[in-house]
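Hi,

Here is the structure I promised to send over. Have a look at it first, and my notes follow below.

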Amino acid sequence: MPLNLPPGDGPPSFPDLLTAAGYRAMAAGLRLGAFAALAGGPLAGPDLAAKLGTDPRGTALLADALVAFGYLEHGPDGYANTAMTAKWLSDDGYSQVDRFWSTVLFESWGELEQSVRTGRPALDFYRWLADRPETLARFQGMLSGMASSIVPEAVELVPVGDRLLDVGGGHAKYSIGLCAAHPGLRATVVDLPDALAVGGRAVAEAGLADRITLREGDYDEIDLGTGYDTALLFNVVHGRTAEANRALLERVAAALNPGGAVVLLEPDEHSDDQATDVFARVFSLNLFHGQGGQVYAAEEIGSWLADTGFHGTTTHPLRSMPGQSLIVARTSA
C-alpha cells in the first residue's frame, strides 16, 4: 500500500487495521469516481464534491484519509492524484481488479469464521457472483485479460492433435488461441451457460464458430465424450476439493485418446516473490471460503494425476504470468 509504516513495538494488528482501512477508503474513492474525477487535474474539496454529487464534508474527510494513505496529495489547488494513483486507478484498467477484490473482501468474507469452523464453504461463490452482475462482469474480465496475456505462451507449451476439450473454459480465449495457431484443430468448450455467453461472442468475433463447439452443462455431470487428443483444465482445480478433482481427472482421462495430454493452469502454491506468495495465501483462503478449494501444491496435483492414470507430469512456470504454471501429463499410449 502507499502508506509504508516501519515496524514498531505496539500491537502487531494495528498496522493491519490501517491497511484494511486504507484499502476500504481507496475502494470508496473508486466507487464514487474520485480518482477518475481528478484525472483532469486538481480540484478543491467543494468542487470535487460537486463533480461527484457527494456530501462536501464527507468528501473532504474521505479525501484527507486518501491523502494520509498516499493515494492523493493536497496542495494550493486542492486534491490531486499521486503519480501511482494516476497510473493505476484513474481509468478502467487495473482499477477493475481493485473494484472486484474490494467487493470480495468486504462483502463476501462476513462468514469466514463459519467456513473455518466447519470445514465447509459458508458461501457459494458463483451464486454470490450471479447476484452481483457488475462484480461478475469484472471477474470474467479479469479471467479474459489474464488469458490474453497467457495465450501466446500456452500455444508454445500445450501439445495438441486434432481435437481439444476445454473444461471450464467459458471465455474460450485459450481454445480460440490454440485453434488460430493450429488450423487443423477443433475444440469443444464445456461450461455453464453464463460463462459460455462470453465465449460465444468471442468465438463468433474470431470467426471460429465452425471449429469451436460450445457445450452448456456441469462438467462434473454431462458426458464429456471421447476421442480427444488434449484436455485443458485451466483455473479449474483450485476451486474444488481434492476428492472432486480426482473424480474429474478420471472423467477427463476417459475422454482422452491413448497418449492424450491433460494440461492444467494453476497458481503456484509458493513464490520467491513475497507479495505473490502472500497473495497466494489470501487467494487460497478465499477459495476455501467460497468454493471449498485452495491453491494446491504441484506435488499434490501430481499425485492426483498419477492416481487417475496419467504419467510423465511436468511443470512449466509461466514467463507471461509469474506465479502461475502449466502442468502437463499424459495417459498411457
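Which residue lies over the face of Phe106? That would be Arg24, at 5.7 Å from the ring centre. Keep in mind as you browse that this is a predicted model. Another pair of this kind is Arg163 and Tyr228: the charged end of Arg163 sits over the Tyr228 ring, 4.2 Å from its centre.

Now the aromatics. The count comes to 14 aromatic pairs. One of them is Phe125 with Tyr126, an edge-to-face pair at 5.5 Å centre to centre with 75° between the planes. Phe125 is buried, at 4% relative accessible area, whereas Tyr126 is partly exposed at 46%. Phe125 also pairs with Trp128: the ring centres are 6.0 Å apart and the planes are at 20°, so this pair counts as stacked. Those two are three residues apart in helix α8 (residues 125-130), which puts about one helical turn between them, and both are buried. Phe125, Tyr126 and Trp128 belong to one aromatic cluster, along with Phe100, Trp101, Phe139, Phe279 and Phe283.

Then there's strand β3 (residues 163-167), where four of the five residues are buried. β3 pairs in the parallel sense with strand β4 (residues 186-191) over five bridges, and also in the parallel sense with strand β6 (residues 228-234), over four bridges. With helix α10 (residues 173-181), β3 and β4 make a right-handed β-α-β unit.

Cheers

Definitions and conventions
Residues numbered from 1 in each chain as written. Predicted model: local features only at pLDDT ≥ 70, side-chain atom pairs only at ≥ 80, totals over all residues. Heavy atoms only, no water. Buried < 20%, exposed > 50% of the residue type's maximum accessible area, 1.4 Å probe, protein only. Pairing = 2+ DSSP bridges. Right-handed = clockwise from strand over helix to strand, strands pointing away. Phe/Tyr/Trp six-rings, centres within 6.5 Å; stacked < 30°, edge-to-face > 60°. Lys NZ or Arg CZ within 6 Å of the ring centre and 35° of its normal.
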